[in-house]
Amino acid sequence: MAASGTDGRVALVTGASGALGAAVARLLDRRGYRLALHYATGEDRAREVAAELGGPSTVVQADVADWAATQDMMDRVRAELGGIGVLVNAGAIRRDGLLVTQSVDDWTQTIAVNLIGTFHTCRAALPDMVRARWGRIINVVSPAGLLGSRGQTAYSAAKAGVIGMTRSLALECGRYKVTVNALSPGLMATPLTEDVPPEVGAALLARTAFGRMGTPDEVARGVELLLDADYMTGQVLSIDGGMSIS
């Protein structure tokens, strides 16, 4: 049975200044969790999200690609809210380009934030869950990690790596009643997709069953399912309008 805020559960949402992270934060707030809202660069937006919440929350900043910074962030969350019971990794960067011409810095930074950063947050939060013998880790991935995508070798590789890590970590954590799953959204109208060329966006929408983008709130409902699913772990839940089956 999923925990509630009344028994001390704390949720950390990375990328809470983004559209999906904000939607997830609002959902968890309605469920009674105390919220830690992470941002990398969008402090003003993260504080706006915090102001929308009814329950206790704190806003924390960190470059999750930096292990020491991630540890410091987790220590601040514990000091202000308590041990972490739910981790939703919704933060991401996307730096597209054909591999033959893409800069090495852009490629490696995409891997560092999206893949290594997810490892850092999982590694830093997991001891709380193991001690509590309960926890939920939800890693946001992408159809690009399942299917591949032209011009997104770094992003695809990072998200595919997160899927592999999710499945392996699920096997490690089951004995502690900690589930580890991935949530794969389709195309949403968010700042991360604003620079997608129109022809690319049209091609992606054509692969959906509905012919439209999803909304962050529609995708965030998958988090609620994963919170309550005691016997579901190591899975990828795709909420992408059918994009990944076409």
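User: Which strands does helix α3 lie across, and at what angle to β3 does the helix run?

Analyst: Helix α3 (residues 67-80) lies across β1, β2 and β3, running at about 165 degrees to β3. Helices (H or I, at least four residues) and strands (E, at least two) are DSSP runs numbered from the N terminus, and axes are lines fitted to C-alpha atoms, for helices over the stretch in contact, with angles from 0 to 180 degrees between N-to-C directions. This is a predicted model, in which local features need pLDDT of at least 70 and side-chain atom pairs count only at pLDDT 80 or more, whereas totals for chains, interfaces and linings use all residues. Residues are numbered from 1 along each chain as its sequence is written, and side-chain values use heavy atoms, with hydrogens and water left out.

User: What's the strand order in the open sheet?

Analyst: The order of the seven strands is β3-β2-β1-β4-β5-β6-β7, with parallel pairing, where two strands pair if DSSP finds at least two bridges between them. The edge strands are β3 and β7 (236-239), each of which pairs on one side only, and the twist averages 20 degrees from one strand to the next.

User: How many bridges join β1 to β2, and how many join β1 to β4?

Analyst: Four bridges join β1 to β2, with Val 10 opposite Arg 34 in β2. The chain crosses from β1 through helix α1 (residues 19-30) to β2 in a right-handed β-α-β crossover; right-handed means that, with the strands pointing away from the viewer, the path from the first strand over the helix to the second runs clockwise. Four bridges also join β1 to strand β4 (residues 86-89), and there Val 13 stands opposite Val 88.

User: And which residues of β1 point which way?

Analyst: Val 10, Leu 12 and Thr 14 point one way, Ala 11 and Val 13 the other, and all are buried. Buried means under 20% relative accessible area, exposed over 50% and partly exposed in between, with a 1.4 Å probe and protein chains only. In a regular strand the side chains alternate between the two faces of the sheet.

User: How does β2 pair with β3?

Analyst: Strands β2 (residues 34-39) and β3 (residues 57-61) pair in the parallel sense over five bridges, and the crossover between them, through helix α2 (residues 43-52), is right-handed.

User: Last one: is Ala 209 buried or exposed?

Analyst: Ala 209 is exposed because its relative accessible area is 64%, and this residue is found in the loop between α7 (198-206) and α8 (216-228). The C-alpha atoms of Ala 209 and Met 243, 34 residues apart along the chain, are separated by 7.2 Å.

Notes
Contact = heavy atoms within 4.5 Å.
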